[in-house]
Amino acid sequence: MPHSADLLRLADAVLLPGFEGTTPPDWLRRRLGEGLGGVVLFSRNIAGPAQVAALTAALRAENPAVLVGTDEETGEVTRLEVGPGSSRPGAYALGVVDDVALTEALAGHLGAELAAAGIGIDFAPPADVNSNPDNPVIGLRAFGADPDLVARHTRAFVRGLQAAGVAACAKHFPGHGDTSVDSHHGVPVVAAGSVDDALRPFRAAVAEGVKAVMTGHLLVPSYDPELPATLSPKVLTGLLREEIGFQGVIVTDGIEMTAVSGAYGVGGASARAIAAGADAICVGGERADEATATAIRDALADAVTQGLLPEERLADAARRVRELAAWVASSGSAAPAAGAALGLADGAALGLAAARRAVRVTRRSSAPVLPLASPAYVVELAPEMNLAIDRNTPWGVGGPLAGLLPGTETVRLAAGEASGPRLERLLGDAGHRPLVVVVRDAHRHPWQGEALRHLVSARPDAVVVEMGLPQRFDVGAVHIATYGSAAVCGLAAAEILTGAH
């Protein structure tokens, strides 16, 4: 039977869909006018600061209370800077530096940029404790593997963002760090022994007044052996609301992800998430069409009429989303003062300072390997990235090194391309030039480890740059760990290689 306009409007009020293009499509304008709660911007929607500001203004023209969000974690997961690459290192590098004032200042500058662009909620920071080095989806996105370190930097990031008038969103509750499965593709299971440590940063974020928490599509058997957190009343209502005391907005991770949609479809998973205690449904990373947004709205309305979702719960969720949008509208954009206290005038300078401080250099040769005396030959070993990272995001050392050392040549190899004969040809092409080998999470990709051994055995004078999580520092004449693959991390490594800083 057809649903009432009021019920459909209530269902729309909890949706945050994505869309295609750099201007709002007609269907999105219409739905915003009908009460759609918000939208999520992905890199496909972003071409530059002025364009984003015009886009968000167009969204607000249809619905002044629209909540506009994006995943701007800095580092590898960037939306604002996917074209040039992030001018700020990611969380892990900040954790290595372990200067909470720096983290807060960097988040404050980021918040000011987001607010100026009309973005009211940032799905950051990740509050995950990356205690499993084989984690395929968190890794560098976390502040570290120590719960206390992650907790204090989570609080600092929340303070910085929210002081600039942008709602922070701690994720992925109750903690995606101690897993070895990517929830885009399956259901990760969190071991019972790690739950208390994983929860510590979220408790800290709630104590700091974080405005939103994003759910993880994770199975936590010690709380609910059957349902992943996003769909579990025991986790969202019992643990997050009642035990931890969070009263802000609970946002789902992308509802189209297999870990929750595989069993129930996007509509069924959305209805179960709201019934469990979530307030807003994110969708659009992989399915950004009108049909998906309509299917979710209708599934929520169906669940109400069928008695699966109490209308009072849906109304409560809509109220929380409206209240968050009102906070964003009233908070304005405050210029961050912490950066000025550090003597750094802008976010780019702050980001480069942070990336420089994160670099760790291990010298294993008495020979004068650095600074490089002539243009280098750079071999970059490029793994397949998880879906949270836009595949077009630039990374590496070869580009910034060529800027500082003209004549530098770079070759990038993916899995399947780093065969023995190919590596031998590269060694021949390198000749007597300095050799720099760049890897990214070499410990998780056996092919990278094999290629690295081949190259370093032939050229023991090679410099190795690890732009992921380093598990060993005893490879290469000099080993450089950047603790991040953002563009600014590549620049910091290039400065080390050339002696420019």
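Predicted model: local features only at pLDDT ≥ 70, side-chain atom pairs only at ≥ 80, totals over all residues.
Q: How do strands in a sheet pair up, parallel or antiparallel?
A: In general, strands of a sheet pair through backbone hydrogen bonds, and either direction can occur. Here, six strands make an open sheet with parallel pairing, and you can follow them in the order β2-β3-β4-β5-β6-β7.

Q: Which strands sit at the edges?
A: Look for β2 (38–41) and β7 (249–251), each of which pairs on one side only.

Q: Now for E380: is it buried or exposed?
A: The cut-off for buried is under 20% relative accessible area. E380 has 3%, so E380 counts as buried. You'll find E380 in strand β10 (residues 377–382).

Q: What does the side chain of E380 reach?
A: The E380 side chain gets to the backbone nitrogen of V397 at 2.8 Å. A polar atom of that side chain also lies 2.8 Å from the backbone nitrogen of G398. Beyond its neighbours within four places in sequence, E380 touches several residues, including W395, T410, R412 and V438.

Q: And how do I read a helix pair such as α13 and α17?
A: Helix α13 (residues 347–358) and helix α17 (residues 487–498) pack at about 60°, with axes 9 Å apart, so they are oblique to each other. Their crossing is right-handed. Among the residues making the contact are G351 and L352 of α13 and V488 and C489 of α17.

Terms used: Residues numbered from 1 in each chain as written. Heavy atoms only, no water. Pairing = 2+ DSSP bridges. Helix = DSSP H or I, 4+ residues; strand = E, 2+ residues; numbered from the N terminus. Buried < 20%, exposed > 50% of the residue type's maximum accessible area, 1.4 Å probe, protein only. Polar contact = N/O pair within 3.5 Å; in protein donor to acceptor, adjacent residues only side chain to side chain. Contact = heavy atoms within 4.5 Å. Axes fitted to C-alpha atoms, helices over the stretch in contact; angles between N-to-C directions. Parallel < 35°, antiparallel > 145°, perpendicular 65-115°, else oblique. Left-handed = near helix turned anticlockwise from the far one by under 90°.
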